There are 2 protein chains.
Amino acid sequence: MSQLIEQAAAAKKAAGALAHLATGIKDQALEAMAVALEEKEDYIINANAKDLKAGREKGLSAALLDRLALDSGRVAAMAEGLRTLQSLTDPVGEIISMWRRPNGLQVGQMRVPLGVIGIIYEARPNVTVDAAGLCLKAGNAVVLRGGSEAINSNRAIVKVISQAATAAGIPAGAIQLIATTDRAAAVEMMRLNDYIDVLIPRGGSRLIETVIENATVPIIQTGIGNCHVYVDGEADLEMAEQIAYNAKTHRPGVCNAAESLLVDRLVADQFLPPIIKALEEGGVEVRGCPETKKICPSVKVAQEEDWATEYLDYVISVKVVDGLDEAIEHINKYGTGHSEAIVTENYNRARRFLEEIDAAAVYVNVSTRFTDGFEFGFGAEIGISTQKLHTRGPMGLKELTTIKYIILGSGQIRR
Amino acid sequence: MSQLIEQAAAAKKAAGALAHLATGIKDQALEAMAVALEEKEDYIINANAKDLKAGREKGLSAALLDRLALDSGRVAAMAEGLRTLQSLTDPVGEIISMWRRPNGLQVGQMRVPLGVIGIIYEARPNVTVDAAGLCLKAGNAVVLRGGSEAINSNRAIVKVISQAATAAGIPAGAIQLIATTDRAAAVEMMRLNDYIDVLIPRGGSRLIETVIENATVPIIQTGIGNCHVYVDGEADLEMAEQIAYNAKTHRPGVCNAAESLLVDRLVADQFLPPIIKALEEGGVEVRGCPETKKICPSVKVAQEEDWATEYLDYVISVKVVDGLDEAIEHINKYGTGHSEAIVTENYNRARRFLEEIDAAAVYVNVSTRFTDGFEFGFGAEIGISTQKLHTRGPMGLKELTTIKYIILGSGQIRR
């Protein structure tokens, strides 16, 4: 038995007991984990320093080094995240619905944990704590496979939180970190159908494609967002400008940021000059279709691939379209099914956009930046599903559960 | 572009329009498809005769030939199935819940079709009609890939129902049959992530393993059932005998039939002789553990692999266990997470069994044979999920949908 299988088997064993552990014990464990992070802050920051040193030697970018770095404030934030989870309702055991059949059977749907969740992620060590806490609160064991850049930080963090959790009554083995970062182990993990119930990759499109290509364990795809804002001919143009500017510039590096602006020809002359001026003054590179270029000569000319690109940066593509039909067609063709917004005062077009856009989150008169578990009121988030199976959009605690049917009877047999 | 991709692309195009088609049009189409099946009965039965002839020449078993064969009654039953779907509530468009956030946003979950569903199945041509009807009613396009044994029947059926559907207003291309039965095409289909949203394999364990191994499209695993009946020390033994007998013999070839009987040592002497006598008289081969053999010398001795075997036949394994703990451990170890039953009059043990058994359907004092979309009241069924992602247990119309978030606002931006 490889070490990986041993770890996954230990997680599976823990999951059996964890599935019906009292909420009180889980919450106490979350508190104990938070306290342990705070108490072992130096130990964790020292381990992180090794990763930072190796990262600098490897020539990681300043942005990546920043995502990797831990200091006292960031460790405190991780602890705070665990405390927030304590206040959230435990989804496990909820009877979602129960009904009676003509033969007297009671058939009910009970919410239960998924079992063992595998998380494959990249540099940020805070994901280690977040993911472990969320999985635990929803009654799941977790097998974590972080990026090689953060291996020392992750080892230290998992050692600290895992000891604290076990001491607080969580079954041993519930939080596993794959100790090696070689690729073969990652691929092996993706095929452990006997031990892992669900895989959630968190990271860039290359990571996600690798998981899709290699996994036999069911996956929840997350987070690729080529998001659009469509400004309708009957939009409140001031509102449209605010929404477009916010969706692009509030935090360009995240998946719910807008990458493309579509504008109804009817209002292009009026709307484009001020928004493009604002975007350019905000440091955004604008790549426009020929019509946009004609109206605002300062923009670059967009190429075909721009319509399909998730920049995750201070870049936006702009296209003048022939009304709602072309906007919907364009979005359903080039979008990644993440977050799409229309700005309009027209009832019918708002309704059609909501109906006909095929995406996880469809907005009327709101910035796409709200696709987020916290903003939706879930209190926590493990990622944003962009696939259709299981769930779509932000995933909170409920989305880390499944159901089982419970059937109560009095001797019924099939005739 | 291969012919397969052309077909999948046509299905995807149709799915876009189908997703927001009025229920009335879908129901009229289901009726038109039913009428067409009845009117073209001879055409379909003639095509089926070719398959039967080829099957006999290939030496298919009598059971397989029976599953393949169509006659007037079976064609009428397929038409009737389509008519039943008309009376079921259309799940599409339901707002499952909607709430208001402190900033005034309304966030709602709307039920929407999955999109394009790929079905990979084996011999029975009635699956072709069932699957097409269910997918259509839930607003999905479907790509069907049936077994080679039924290719002529499936071609005839899809031609008939697809023409009728299109004439009744369903977007052309919504029902696709992969015309070839070669393996490479099946594997290609399993990897068409750009066109197919979900794959549902329906058939034996070999088919399902092949799909898991090769697919990159998300899968819903169905139907492998190594189901148990556990007779507790405080069971009503008469009820237990009826349930065990029914679960094994009512229809041994289906996935919710019991394959294994566990009996608390406390009642083994009393319970085993009459149930084993009844089973043997009913033509069932009984394979028992050494203790069972001691009590009932007529049984064969069970081997280790018997505990893990889904016989789908008149065979059952029987094991005497040391109470509930051993029963739960045995079931969670050897079971396939399908349907598991306890027979008991003891409140706490009933409750523990419901909590601790990890399966799609967990029963107290009921035959496992009830795990079925019709018996649960869904009115229809496309299969029984034995995975945890997306759904578990019988899948009706709702399970062929996903959600999208719709967010209504008045200019909200992130700060």
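Mentor: Helices here are DSSP runs of H or I with at least four residues, and strands are E runs of at least two, both numbered from the N terminus. Keep in mind that this is a predicted model: local features need pLDDT of at least 70, side-chain atom pairs count only at pLDDT 80 or more, and totals for chains, interfaces and linings use all residues. Residues are numbered from 1 along each chain as its sequence is written, while chains are lettered from A and ligands numbered from 1 in the order in which they are written.

Trainee: Which partner does Gly118(B) have in S6(B)?

Mentor: Strands pair if DSSP finds at least two bridges between them. Strand S3 (residues 116-121) of chain B is joined to S6(B) by 5 bridges, and the two run parallel. In S6(B), Gly118(B) has as its bridge partner Leu199(B).

Trainee: At what angle does helix H9 of chain B run to S6(B)?

Mentor: Axes are lines fitted to C-alpha atoms, for helices over the stretch in contact (C-beta atoms, placed from the backbone, within 7 Å). Angles go from 0 to 180 degrees between N-to-C directions. Helix H9 (residues 205-214) lies across S3 and S6 of chain B, and its angle to S6(B) is about 160°.

Trainee: What radius of gyration does chain A have?

Mentor: That's taken over C-alpha atoms, and the globule rule is 2.2 Å times the number of residues to the power 0.38. The C-alpha trace of chain A spans about 70 × 65 × 35 Å along its principal axes. For 415 residues a compact globule would come out near 22 Å, which agrees with chain A's 24 Å.

Key. Two residues are in contact if their C-beta atoms, placed from the backbone, lie within 7 Å.
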